[in-house]
Amino acid sequence: MSLTTTRRPGDRVFSGLARGAGLLILVALAGVAAFLTVEALPAFTAPPEALAGAADLLAYVAPLAFGTLLAALLALLVATPLALGVALVVSHYAPRPVARVVGAAIDLLAAIPSVVYGLWGLAFLGVRLTPVYAWLSDHLGWLPLFAGPASSTGRTILTAALVLAVMVLPIITAITREIFAQTPVLHQEAALALGATRWEMIRLAVLPHARSGIVSAVMLGLGRALGETMAVAMVLSASGVVTLDLVGATNPSTIAANIALTFPDSTGLSVNALLASGLALFVITLAVNVAARLVVARSQRSTR
Amino acid sequence: MSTETLLTRVGRLDDRSAPTRPLPLGRPRLPGWAAPVIGATSAVSATATGLLLGWSTAGITVLAVLLFAVALPLASRLAEGPRAARDRLVTVLVWSALGVALVPLVSLTVTVVHDGIGVVDAQFLTYSMRNVVGEGGGIYHAIMGTLLVTLAAALLSVPVGLLSAIYLVEYAGGSRAARVLSFLVDVMTGIPSIVAGLFAYAVLVLFFGEGVRMGLGGSLALSVLMVPIVVRSCEEMLRLVPHDLREASYALGVPQWRTVLKVVLPTALPGIITGVMLAVARVVGETAPLLIVAGSTDSLNLDLFSERMMTLPVFIYSSFTQPGVPAEYGVDRAWGAALVLIVIVVALNVLARLLGRLVSRRSGR
């Protein structure tokens, strides 16, 4: 939208710089994929010694991918209803001053570094959940989820998922509360004028308006939960098995946690194997994020 | 439909409604004291049950909330009908969700402050861990490392992010290229931090060979995470600059680049600074990429371009997972460092928001 007719040299230089910076971002994003791929290639032919005993790369990454998905989905299962509740409190239930304080508190939750979450999950949450896990495996042991025997340290995939839930909660809350607050006031007042209770108004006016926003918020939370590293690496006592038992002493590891735990002491081809698993994580999170953003973009276009 | 049938229908309607009493305008409502009374009753009975069975405070609280969430809708259903009962149930659930969400925040803050406050003193902040076994030592090397790595990351990412934002707002203005870039920046915010670390490692390996560890790699990884945040916040701030200002400048014959530099940027500067501070606060606590490419060491290292460099988050991690012998000192130091890190992050957040509010009030937004 340049309003000048003659382009001066200064303009040309400056717009070139700006365009170059934009291009650099594209190059960086492509570079992440390219560099990871190049460094991951040798791992495809790596012998089992470099892959922690797995026969090939797929057998190496698959259990990790399983653990990653399991932890992330559990986290979302816990975080989504809570986040929607908190978002509703901020946008529709709490009086304005309370809502502001609550919003700031939840933002603070997002600002806390993941390593501190790991510390807290390991030294505080896990220890306190141990009796709960023992109870679960005693009374609900017939469910494969709580088969046990229960971990005595609390360093289970369920603890890791709960910590992850705390970490993705502010993300989902932040996005959904914005969208809840953007619900057209006329729709809400119309519902109330027809005699709807507050919940009926939310169900009839707010939730339908926010549906795609909720979906994309949950997917962005999923992206975060999939890639979260330190909290899982510290909390989980991982042994690389594939199991649905959530409270036992042997747990599946996640891609990110496995990289963080083994990378500092790895050499040679095992580094390439780790980079290959990182590439897998990158592709998974990229797909989730692209899908989430596409949902957002489509909903924005349709509401305009 | 003929007029006649219409009339008979209206007449029939009239006939039916004529003898009845007037419709009630209100509905029966629970009195205002009902909710507090039911709440108090739930709390008392939960406490009694809990004390009898020897439960913890957490168990008693959960039971009290559950009792309340059952009793209040039940009373409401009897007095006010099912719709109001559902409304009350949802209200209780929504507020309980908030309560549950705040538990970790409170518990985490209390734990970190409680376990960390005794450790932080002048020596803790000014000594490194070089040749320290057992008691003593500090996090000076980690603080300096975090400072240098984050500063370098900001130096790398702010120019790129700001210029990209200028491109998006001032030059590309809604073109296809701008939409693609904007979309990819959004996608880039979702890159896991560990992948950014691997990327930095993969880049450095090409130049320095296998097993490379240096502070600059950490900066590179952090800037991959920072750039999208900076672009987003700068873009938002640039869009807030009124168009009148730009047009006034053009009308005076000022070229576009000078308009951007002398008019648009100064107007948006406070907001941009706020955005950059928030971005720094976001990456200063990143652990995974630094663990991978900046490494971990006990000594002070001020050279970004060679050797391992300790940073605060990595210090917390390694001090807790490898506390040495006896373990208690290492664990204590981890909590102390966690407290320092949280204080830094919160201070950055608060400062940035204060600045933002101050500026927005001055310009009357």
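Predicted model: local features only at pLDDT ≥ 70, side-chain atom pairs only at ≥ 80, totals over all residues.
**Entry 1: B:Gly190**

A residue counts as buried if 20 or more other C-beta atoms lie within 10 Å of its own. Is B:Gly190 buried or exposed? I find 22 other C-beta atoms within 10 Å, so B:Gly190 is buried.

Next I looked up where B:Gly190 sits. Its place is the loop that links α7 (176-188) and α8 of chain B. Which residues does B:Gly190 contact, once I leave aside its neighbours within four places in sequence? My list reads A:Leu220, A:Gly223, A:Thr285 and A:Asn289. I also checked B:Ile139, 51 residues away from B:Gly190 along the chain, and got 31 Å between the two C-alpha atoms.

**Entry 2: where chain B touches chain A**

Those contacts sent me to the interface. I count 71 residues of chain B in contact with 71 residues of chain A. Which element gives the largest share of chain B's side? I traced it to helix α4 (residues 82-116) of chain B, which supplies 20 residues. Sorting chain B's side by residue type, I get 54 nonpolar, twelve polar and five charged.

**Entry 3: chain A overall**

I then went through chain A as a whole. I find ten helices and zero strands there; in sequence order I read the pattern as α-α-α-α-α-α-α-α-α-α. The C-alpha trace of chain A spans about 65 × 65 × 30 Å along its principal axes. How much of chain A is buried? Of its 304 residues, 52% are buried. I also looked at sequence separation: among contacts in chain A with a separation of 6 or more, 79% join residues 24 or more positions apart.

**Entry 4: α5 and α7 of chain A**

I picked this helix pair in chain A for its geometry. Helix α5 (residues 157-181) of chain A packs against helix α7 (residues 198-227) of chain A at about 150°, with the axes 8 Å apart. Angles over 145 degrees count as roughly antiparallel, and α5(A) and α7(A) are therefore roughly antiparallel to each other. I note a right-handed crossing where α5(A) passes α7(A).

For the residues that meet, I wrote down some from each side. From α5(A) they include A:Leu164, A:Ile171, A:Ile175 and A:Phe180; from α7(A) they include A:Val206, A:Gly213, A:Leu220 and A:Arg224. By type, I get 15 nonpolar, three polar and one charged in this contact. A:Leu220 had already turned up in my list for B:Gly190.

**Entry 5: α8 and α9 of chain B**

I have the crossing down as right-handed. Among the residues of α8(B) that meet α9(B) are B:Ser193, B:Gly197, B:Phe199 and B:Leu204; on the α9(B) side I noted B:Gly217, B:Leu220 and B:Val224, among others. The contact divides into ten nonpolar, three polar and no charged residues.

**Entry 6: B:Glu307**

Last, a backbone check. Most residues other than glycine have a negative phi. What is the phi of B:Glu307? I read a positive value of about 65°, although B:Glu307 is not a glycine. I placed B:Glu307 in the loop between α12 (288-293) and α13 (312-321) of chain B. With 14 other C-beta atoms within 10 Å, B:Glu307 is partly exposed.

Note on methods:
Residues numbered from 1 in each chain as written. Chains lettered and ligands numbered in written order. Contact = placed C-beta atoms within 7 Å. Helix = DSSP H or I, 4+ residues; strand = E, 2+ residues; numbered from the N terminus. Nonpolar A, V, L, I, M, F, W, Y, C, P; charged D, E, K, R; others polar. Buried ≥ 20, exposed ≤ 12 C-beta atoms within 10 Å, placed from the backbone. Axes fitted to C-alpha atoms, helices over the stretch in contact; angles between N-to-C directions. Parallel < 35°, antiparallel > 145°, perpendicular 65-115°, else oblique. Left-handed = near helix turned anticlockwise from the far one by under 90°.
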